[in-house]
Amino acid sequence: MSIAITCTSLAFVWPDGTSVFESLDVAFGPGRTGLVGVNGSGKSTLLKLIAGELAPADGTVRVAGEVGCLPQNVTLDTTLKVDEALGIAARRAALHAIEAGDVTEEHFETVGDDWDVEERALATLGELGLGHIELDRTVGEVSGGESVLLRLAALLLRRPDVLLLDEPTNNLDLYARRRLYAAVASWPGVLVVVSHDRELLELVDQIADLRSGEITWYGGNYSAYEESLTTEQDAAERMVRVAEADLKRQKRELDDAQVKLARRKRYGQKMSDQKREPKIVMGARKRAAQESAGKHRIMHEEKLAEAKERLDEVVEAVRDDDEIRVDLPYTAVPPGRTVLTLQDLELAYGARVSGGFALRGPERIALIGRNGAGKTTLLRTIAGELEPVAGEAKVHVPLRFLPQRLDVLDGELTVAENVARFAPGATNNRIRARLARFLFRGARADQRAATLSGGERFRAALAALMLAEPAPQLLMLDEPTNNLDMASVRQLTTALESYEGALIVASHDLPFLESVGITRWLLLEDGELGETTP
């Protein structure tokens, strides 16, 4: 039987009543599929329904074969050993026991036919750039990016028939991304990937575009999808122009017909007043004229209604995807003003900044480095969330920090309530007006933060950050593009272009960094911070 995923009449509603799908029909066959759509369209929800992590309100999900899922936010128990995280601890222990001379039948049953499990595990870790991680180490010793690859390694070792990946390149450095690309390119079964990573989406065989609760299919990779979409949109916009012209013509014809009918009516009344024809003839003529006028009016009104309906249909086909519109407060920093100083700074987990470092004026700094180098630790230390082991980190202007995990939000509070926590002096009207620019309009501002998609959480967290008082003159972002669709990344780039304060961005997304006008590149490598070039 061909391995496949089949969703029939699928419906899902969040506990707060927000509907995601009403009657979705979709099937995924062999090959690599890129699932795309704007933030909040339900991509992650669909993967969770397929994986069985969520139950549909209605409809069915059928999967032929075993499913493996890499979630958007990977959380592993830090006390686990690496072999436990890989799911091979029991087989490995049984294998070691047999090698030590214990020939208990239970050990052989545990190992089964997987005698090379340890070698396969080490080989898989090596292929993903994790060859330095020993199987007896604990998960707490690996970085966030390494934990993503570790979870992927566990899936590859399981060899599931269906692999679901939700934003898998989040938190991965450039080197680790290349490893993941290679794993995706060589995947033999059914693979569905949700991602905003252009390079990853160039590896898929087809694109499934989720929009307004329906899926449209496009053959080929992301470039082919964009080309098809451009052709579709050009045709749709032409149809809108034709429909608008037709609507204007129908309105004109209806107006002309009404003028002619009015003239005919006045002429008939004149003939009646002058009694030029017998009364019975004039009565018959009047009835015929009224009947003709009625039919004429109805015909033109029907044509006008049809023209309006055609226009509505073709307008619906033109995409006008909302994008975040970040209205940054006035945050200018004069050139030369000292914004941040670091002096002989030693961080937790070993990284350090030898000597002195200063950020002055509206500089834009890119903080780059491998997973586990200490970039997030440095930002958290500057933000005052972590105490340095030694030395000093001193911020001289108002600072706002948007962390990678977006844990500034309280999941039990609504979006509006979360923002109010950061701006207790702001009126409800002001908060809602600002949230509307982040696409949380009306009832959407009353959604609980726990029900938001990754991109929606980013928008809500950014809104809270920018509405906080005082506004930031130093803005620090940790992997800000991880959960954004491509349209939102472009809009964030535009917003940051208008920001007049100092900026520090830790990111593995080189195209994004190059687009926001970085003035200085800092590389954190081997525990030392130093200047570099992109």
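## Basis and overall make-up

The model is predicted, so local features need pLDDT of at least 70 and side-chain atom pairs count only at pLDDT 80 or more, while totals for chains, interfaces and linings use all residues. Residues are numbered from 1 along each chain as its sequence is written, and side-chain values use heavy atoms, with hydrogens and water left out.

The protein has 16 helices and 18 strands; these are DSSP runs numbered from the N terminus, with helices (H or I) of at least four residues and strands (E) of at least two. Of its 534 residues, 47% count as buried. Buried means under 20% relative accessible area, exposed over 50%, and partly exposed in between, with a 1.4 Å probe and protein chains only. Among contacts with a separation of 6 or more, 72% are between residues 24 or more positions apart, where contact means heavy atoms within 4.5 Å.

## The second largest pocket

A pocket is an open set of points on a 1 Å grid over the protein atoms alone, with protein on both sides within 12 Å along at least five of seven lines; a cavity is a set where a 1.4 Å probe fits but cannot get out, and lining residues have an atom within 4 Å of a point. Points are joined across faces, edges and corners, and a volume is the space filled by probe spheres set on the points.

The second largest pocket has a volume of about 1,100 Å³. Its lining comprises 43 residues, and Val142, Ser143, Gly144, Thr376 and Arg405 lie nearest the centre. By class, the lining holds 13 nonpolar, 19 polar and 11 charged residues. The classes are nonpolar (Ala, Val, Leu, Ile, Met, Phe, Trp, Tyr, Cys and Pro), charged (Asp, Glu, Lys and Arg) and polar (the others, Gly among them). Helix H6 (144-158) and helix H11 (375-382) each supply at least two lining residues, and H6 gives the largest share, 5 residues.

H11 is largely enclosed by the rest of the structure, because 6 of its 8 residues are buried. These are Lys375, Thr377, Leu378, Leu379, Thr381 and Ile382. Just after H11, Gly384 has a positive phi of about 85°.

The second largest cavity holds about 50 Å³ of space. Phe458, Asp478, Glu479 and Asn483 are among the residues that line this cavity, and its lining has 5 nonpolar, 3 polar and 2 charged residues.

Strands pair if DSSP finds at least two bridges between them. Strand E8 (residues 206-211) and strand E9 (residues 214-219) are antiparallel and share 6 bridges, with Ala208 opposite Trp217 in E9. They form a hairpin with 2 residues between the strands, and Ser212 in the turn has a positive phi of about 55°.

Strand E17 (residues 520-525) and strand E18 (residues 528-532) also run antiparallel, joined by 5 bridges. Leu524 has Leu529 in E18 as its bridge partner. This hairpin has 2 residues between E17 and E18, and Asp526 in the turn has a positive phi of about 55°.

Gln72 lies in the loop between strand E5 (67-70) and helix H2 (82-85). Gln72 is buried, at a relative accessible area of 14%. Its side chain makes polar contacts with the side chains of Ser44 (3.2 Å) and Asp166 (3.4 Å). A polar contact is a pair of N or O atoms within 3.5 Å; within protein, one must be able to donate a hydrogen and the other to accept it, and residues adjacent in sequence count only if both atoms are side-chain atoms. Beyond four places in sequence, Gln72 touches Ser44, Asp166, Glu167, Asn170, Gly454 and Asn483.

Thr18 sits in the loop between strand E1 (5-13) and strand E2 (19-28) and is partly exposed at 23% relative accessibility. The side chains of Thr18 and Asp16 make a polar contact of 2.9 Å. Leaving aside neighbours within four places in sequence, Thr18 contacts Phe12, Val13 and Gln447. Thr18 and Ala443 are 425 residues apart in sequence, and their C-alpha atoms are 9.7 Å apart in space.
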